[in-house]
Amino acid sequence: MSLTAVSAAPARRFLAQHRGVAVAAVVFLILLAVVDLISAGPLSYFDISFLASGGATSALAAIGQTIVILSGGFDLSAGAVISLVNVVLAQSMDPADMEASIMLWTAVGIGIGMATGAVNGFFIAVLRLQPIVVTLSTMFIIQGVTLLIMDKPGGFVSPSLGTFYLGDAITGYLPMPIAVIGVVLLAWAWLKNTRLGTAIYAVGSDMDAAAAVGVSTVLTRFLVYVIAGGCYGLAGVFISAQTGSGDPLVGNPLLLSMFAAVVVGGTRLGGGRGGPLGSAIGAFVLMIVVNILLVLNISAYYSTIAEATILLLAVLAGSISESSTLAQQLRALKTRLQARRAGTLVSQLPQQDRRLALAPSTKAIALGTPPSFLTRNAETLRYALPAYICFVLVVLVTQFWLGNTVLNPGYWNSLIVLSSFLAILALGQGTVILTGGLDLSVPWTIGLCGIILAGMVKGSDAALLYALPAVLLLACLIGLINGLGIVFLGLSPIVMTLATNGLLQGVALLYSNGTPDGFSSPMLRWFMTGRIWVFTPVVLFMVAFVIFAVALLGRTAFGRRIYGIGNGVRAAQLSGIAVGRHLVLVYVLSSLCAGLVGVLLTGFSGQASLGMGDDYLLPSIAVVVVGGALITGGRGHYLGMLGGVLLLTALQTFLAGTTLPYATRAILFGLVVLGAVIALRDRRS
Amino acid sequence: MKMTARLKTLALGTALAAGLIAGASGAQAAEKFKIFLSMSFIGNDWQAEAANMVKAMAAHKSLADKVDLQVQVAGPNAQRQIQQINAMVQAGAQAIVIFPISPTALNQVVKNACDKGVKVFAYDGEITEPCAHNISIDQEEAGRVTAEWLVKKLNGKGDIVLVTGVPGTSVDNLRTKAAKEVFAKHPDIKIVGEAVGMWSQAVARTELSKITATRSWDQISGLWMQAGCYTANAMQLEAGKTAEQLLPCAGEGSNGGRIQMLPAGTEVEGAASPYAPLGAPRISYASPPYSGGLALKLAVQALEGKDVPKRVTLPLPLVTNDTVKLCKEGTWQEMKDGCNVFLPSLVSNPGWFASIFSAETPEIGLNAALVGQPEN
């Protein structure tokens, strides 16, 4: 980009284009200034060097993630790749060799990252599978491989790597981490102006349009994952240098903060806009928050709340402009008020039938035989069946391997009880995904609702009568907050729900003071663990729930409108659907489902615990996609998602019955999920 | 780095506002030892209890005038803990008490802190960097002793189920490996199921449900769990077993599990099935949550110039049906006399960890673990 003419207009355009980066940079500088002002002494070069090394791993990984997101993709395997590189380096370096080659091991790390990226790229670009499931599967597989290589922390990384990567590029002026990030960003700046760079933005903006103008979408998307893998590999090398050893779990928790960094940096999720520079700054913003919390001595219970607030404020600040959703909503409100005053609002017009009167046709229309059930539901079946076929296979394998399965009512009862949580979440998460969104606030909605329920009930059935509605109402309120943030503030669903999740975590900690007390009442426990003949009561409830869910999405106006919104917001709007209102309702439904799961889990376990929902976020997304839904919205059937739930639960039940080591189980799990979605691939040429 | 005047005012304003919220704790801190606690997640009972005991220790009258304690949480993210420890050193920490997320990833940053004269104390987990002080139990011993108990209880013969902790951590690895070595010596002991329990009662229930979907309780003769015996007993009762039929279970030291160990029919205030005396055959071990409080006490001693050992191996708290003893009020003296389980009316959460007594820490007792209040 060359700015030769220094007139006002191009400058403003430049600013508008790079608004996200600019805001992230300003936020970072403000936070840095806060640290400088309130810490004991002025920030020295030494401190800056510390900060630089602290944020470098996240920044490098976030750069890779950004490139994937720019191309319209999503990469959940990033954290796992970092762990893999870390353990490979720590395991293969010779502990006697204090002067290991930096070039060699950096190349090894980047190479491993690129290799995993190539696997992702192959499935996503060549086989056209959905990025979120492919990378979810590879995440499990890579985590398994990592544990096979190293089953506990240990190993050795040569200090020469640490000296190099944590040292100075220019002594006293430029810390090496900054230099490394700078080199990567320069490489991107070069790449961006090549044909490939343009192609990445084009593919992310509109894949069909890009293909139509001759961009090789397959090659572009493939290379994107390879390049991103290289960035994760470098991040893995950096964390190895920083820690001097291996830990098979070190990279996994970096995943969510990586997305937060990308979003704070002004990159739009969904592709086409933004860039790695912003994400690198975003990573440093998130990192420096740690220092701020420390310097201000903010109670540990408030830390997630503070982080969520910073995330929201940074993203809001980046998006406020004339054309932002908030401004549009305010303008719409103004017009609406004007119309009301003038008496021209649609609802104020006299109610009368204004439809065009069509004269009934006199000619009899020759109706052929109505299409068969199979023809009518061909598409639904094609996308829903693979999950069921895999499910049947898994049940058969269980029968042959462990026995006592197909004819054992106890097996089916356990399977349905264990499936009930995901099946309920699948309705909420599935509906959100049908509209093209994603609900990341599920874990702590479950946690908070469960904790509050247990706290109110304290073992009394009478208290359950008022506690249950109160908790479900709270869940609706959470959904309402999500929905309003997304619709009226125009925040992307991922940002809004991620922030809500952080807020809820803080609230749950404050409410429970760190240790939730109370326990479920006898009736609720009976509902989840008792028996009516051979079946647990919740099994009967699930039958009713599935009928309700299928009817809600398939037979009601609400359901049809959801599919309409998912297939095209603009088209839905123009055909008279109140898009905003329905989106809010969708998030309310999702939170309500999560709240219900919180209640049922409390009944199942007898008590509620902090973090009880953490294991349900990724599976809730996976089952929806394995069940044939499109992550970008508009396609999917609840029965398909239910198939996904049954498949995953049956698979886990089978694996738990074996004595395979965890690493092997993780790999098998990933492979089966991948196998199930290969059957789902679009055969569009 | 240059700032415009406006930016500076803004930053100052934010800082002032935040300072007001945070309260004026820094005012008299000048002559106190500045000590930081970097804990992992606060999302589980053990962590919350350990944090309570550290805070109670800092508030005890013997330390309150000496210690200015600040608590920070790193979550499950080792990278973040590295950053946090760096920031603590920058903020002038004299000692840092750490629940280490990783035994190895913190080595460099801990070494760096030591080089600057900061005392580093790790509790429960371990930091392999030699300059750090480690206060924990012997995890291998925990795995070995409990496995040996189970083998003996089963007379060296039977099909058993293992429920392990968080895969990829040293603690889980050491315990499970030691236990499996014991089982391997007895060819008639067969491991028929192995599930990842994540040290959580809730996860243990899900995993046991999966295992019992294809294998009924009658086909299992014993359980070795890192956490979840309380839940396993509850599930057997739900499946129609009587208290006498409960399977022997080697596992964690939760209060619920210990109440179940009391002879069936014992009068216990606040008990409600399954949080009730059942006479369940058990051995209960624990990583005691007072280790953080002890780490703080030792850190202060080290700052006062006393000689503190680099490694403190805590005695492994072990309770069997023969040694389980109910505390009537839960006073420190009572615990010293050997009681090791608390009334459900005092401890409503059955997952709460009951091994809170140490002769080394008369400053912290039941109230410390429950609400962070020190003893008098």
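Domain bounds, as used here, come from an automatic or database domain assignment. On that basis, chain B is divided into domain 1 (30-137 + 288-314) and domain 2 (139-285), while chain A is divided into domain 1 (44-297) and domain 2 (381-678). This is a predicted model, in which local features need pLDDT of at least 70 and side-chain atom pairs count only at pLDDT 80 or more, whereas totals for chains, interfaces and linings use all residues. Residues are numbered from 1 along each chain as its sequence is written, chains are lettered from A and ligands numbered from 1 in the order in which they are written, and side-chain values use heavy atoms, with hydrogens and water left out.

**Domains**

- In chain B, the centres of domain 1 and domain 2, taken over C-alpha atoms, are separated by 32 Å.
- In chain A, the C-alpha centres of domain 1 and domain 2 lie 31 Å apart, and the contact (heavy atoms within 4.5 Å) takes 21 residues from domain 1 and 25 residues from domain 2.

**Nonpolar cores**

- A nonpolar core is a set of buried Ala, Val, Leu, Ile, Met, Phe, Trp, Tyr and Cys residues joined through side-chain atoms within 4.5 Å, where buried means under 20% relative accessible area, exposed over 50% and partly exposed in between, with a 1.4 Å probe and protein chains only.
- Of the 208 residues in the largest such core, I132(A), L161(A), I181(A), I446(A), I621(A) and Y638(A) touch the most other members.
- The largest share of this core, 14 residues, comes from helix α18 (residues 409-434) of chain A; helices (H or I, at least four residues) and strands (E, at least two) are DSSP runs, numbered from the N terminus.
- Because domain 1 (44-297) and domain 2 (381-678) of chain A both give residues to this core, it lies between them.
- A second, separate core of 63 residues includes A300(A), V71(B), F99(B) and M261(B).

- L434(A), placed in helix α18, counts as buried at 0% relative accessibility, and beyond its neighbours within four places in sequence its contacts include L553(A), I562(A), Y563(A) and R635(A).
- S620(A) lies in helix α27 and is likewise buried, at 0% relative accessibility.
- The side chain of S620(A) makes a polar contact of 3.1 Å with the side chain of Q429(A); such a contact is a pair of N or O atoms within 3.5 Å, and within protein one must be able to donate a hydrogen and the other to accept it, while residues adjacent in sequence count only if both atoms are side-chain atoms.
- Leaving aside residues up to four places away in sequence, S620(A) touches L422(A), L425(A) and Q429(A).
- I621(A), with neighbours within four places in sequence set aside, is in contact with I132(A), Q429(A), I433(A), L438(A), L440(A) and I631(A).

**Second largest cavity**

- I621(A) and I132(A) are among the residues that line the second largest cavity, together with L76(A), V133(A), L136(A), L618(A), A622(A) and V625(A).
- Helix α27(A) gives the most to this lining, with four residues.

**T104(B)**

- T104(B) sits in the loop between β3 (95-98) and α4 (107-115) of chain B and is buried, with a relative accessible area of 5%.
- A polar contact of 3.2 Å joins its side chain to that of S245(A), and, not counting residues up to four places away in sequence, T104(B) touches residues including P153(A), T243(A), D247(A) and T128(B).

Conventions: 1 Å grid on protein atoms, 1.4 Å probe; cavity = no way out; pocket = protein on both sides within 12 Å on 5 of 7 lines; lining within 4 Å.
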